[in-house]
Amino acid sequence: MAVVFERPKSLVDIPTHYCPGCTHGIIHRLVCEVIDEMGIEGDTIGVCPVGCSVMAYDYFGCDMIEAAHGRAPATATGVKRAMPEKMVFTYQGDGDLAAIGTAETVHAATRGENIVVIFVNNTIYGMTGGQMAPTTLPGQVTQTTPYGRDPQVQGYPVRMCEMLSTLDGVALAQRVAVNSVPHIREAKKAIRKAFENAKNGLGFSIVEILSSCPTNWGMTPIDALKRIDDEMIPYYPLGVYKDKTAEEGNK
């Protein structure tokens, strides 16, 4: 019988620590499918920081480095500059990338570091128990906003793709989601494009992925996927915010 669907070879065949219904597993698979299709597992180095993905190094078959909280872009910068022939990517959550790691993210982007950033946005601090994140939506209840996020008190959420798209060093800034089959297919295309950009030396590429967190949202996995459509996408519209290859093609 012909095999039509199987585990990517660069995705390690072990159980994960993620909660039931968490979409980190889908995102891991997409990254690994791209690595397999490009034939670059032996030339790829990933950087994972602190957050729900803190143990992502157990799941990717390529070389992985553990970075301090928020410092993945800085670590990836050093790796890429020391070994420019390698494919280097970071895998970060919203608390890591858009809070403690904001400076590293912005400055790696404006320098045009030739790395790929996989940014998982689930609007909450997942690993530490459900506190408000920089991406928490207005009105969203968390452990530290029990009455809902009030923009007059806690400020407004950070829209990273929109902000980073203004920087000259950014080759790609795209927001996708993984809550449906069509969205998953589009997410893979975006990840592949980001890796191709790095391969071609075009600069900094970020793919923001809207993800679910059933445990800390207090929802079933199915309801959590629906929330992405109903609440997250209206505030964080999907789409390409910057694409250097498209811009150059239109000149």
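A disulfide here is a pair of cysteine sulfur atoms within 2.5 Å. The model shown in these views is predicted: local features need pLDDT of at least 70 and side-chain atom pairs count only at pLDDT 80 or more, while totals for chains, interfaces and linings use all residues. Residues are numbered from 1 along each chain as its sequence is written, and side-chain values use heavy atoms, with hydrogens and water left out.

The structure holds 0 disulfides. Cys161 is in no disulfide either, with the nearest cysteine sulfur, in Cys22, 19 Å away. Cys32 is buried, with a relative accessible area of 0% (buried means under 20% relative accessible area, exposed over 50%, and partly exposed in between, using a 1.4 Å probe and protein chains only). Cys161 also counts as buried, at 0% relative accessibility.

**View B. Helix α1 against helix α7.**
Two packed helices are described by the angle between their axes and the distance between the axes. Here α1 (residues 24-38) and α7 (residues 181-199) pack at an angle of about 45°, their axes 10 Å apart. Helices (H or I, at least four residues) and strands (E, at least two) are DSSP runs, numbered from the N terminus. Axes are lines fitted to C-alpha atoms, for helices over the stretch in contact, and angles run from 0 to 180 degrees between N-to-C directions. The angle makes α1 oblique to α7; angles under 35 degrees count as roughly parallel, over 145 as roughly antiparallel, 65 to 115 as roughly perpendicular and the rest as oblique. Contact means heavy atoms within 4.5 Å. On the α1 side the contact is made by Ile26, Leu30, Val31, Glu33, Val34, Ile35, Glu37 and Met38. Helix α7 contributes Ile184, Ala187, Lys188, Ile191, Arg192, Phe195, Glu196 and Lys199. These residues divide into 10 nonpolar, no polar and 6 charged (Ala, Val, Leu, Ile, Met, Phe, Trp, Tyr, Cys and Pro count as nonpolar, Asp, Glu, Lys and Arg as charged, and the others, Gly among them, as polar).

**View C. Helix α2 and its surroundings.**
Helix α2 (residues 72-82) packs on helix α4 (residues 102-110) at an angle of about 40°, with the axes 7 Å apart. That makes α2 oblique to α4. Pro73, Ala74 and Thr77 of α2 meet Glu104, Thr105 and Ala108 of α4, a set that divides into 3 nonpolar, 2 polar and 1 charged. Within α2, the residues Ala72, Pro73, Ala76, Thr77, Val79 and Lys80 are buried. What do the buried residues of α2 pack against? Their partners are β1, β2, β3 (87-93) and α4.

**View D. Two buried loop residues.**
Ser53 sits in the loop between β1 (44-48) and β2 (63-66), and it counts as buried at 3% relative accessibility. Leaving aside neighbours within four places in sequence, Ser53 is in contact with Tyr18, His24, Cys48 and Tyr91. Thr123 belongs to the loop between β4 (116-121) and α5 (151-154) and is buried at 0% relative accessibility. Its phi is near 60°, a positive value in a residue other than glycine.

His17 lies in the segment before α1 and is partly exposed, with a relative accessible area of 33%. Not counting residues up to four places away in sequence, His17 touches Cys52, Met55 and Tyr59. The C-alpha atoms of His17 and Ala56, 39 residues apart along the chain, are separated by 9.4 Å. Ile100, in helix α3 (residues 94-100), counts as partly exposed at 37% relative accessibility. The C-alpha atoms of Ile100 and Leu172, 72 residues apart along the chain, are separated by 22 Å.

**View F. Asp168 in its loop.**
Is Asp168 buried or exposed? Asp168 is exposed, with a relative accessible area of 68%, in the loop between α6 (160-164) and β5 (170-177). Beyond its neighbours within four places in sequence, Asp168 is in contact with Lys242 and Lys244.
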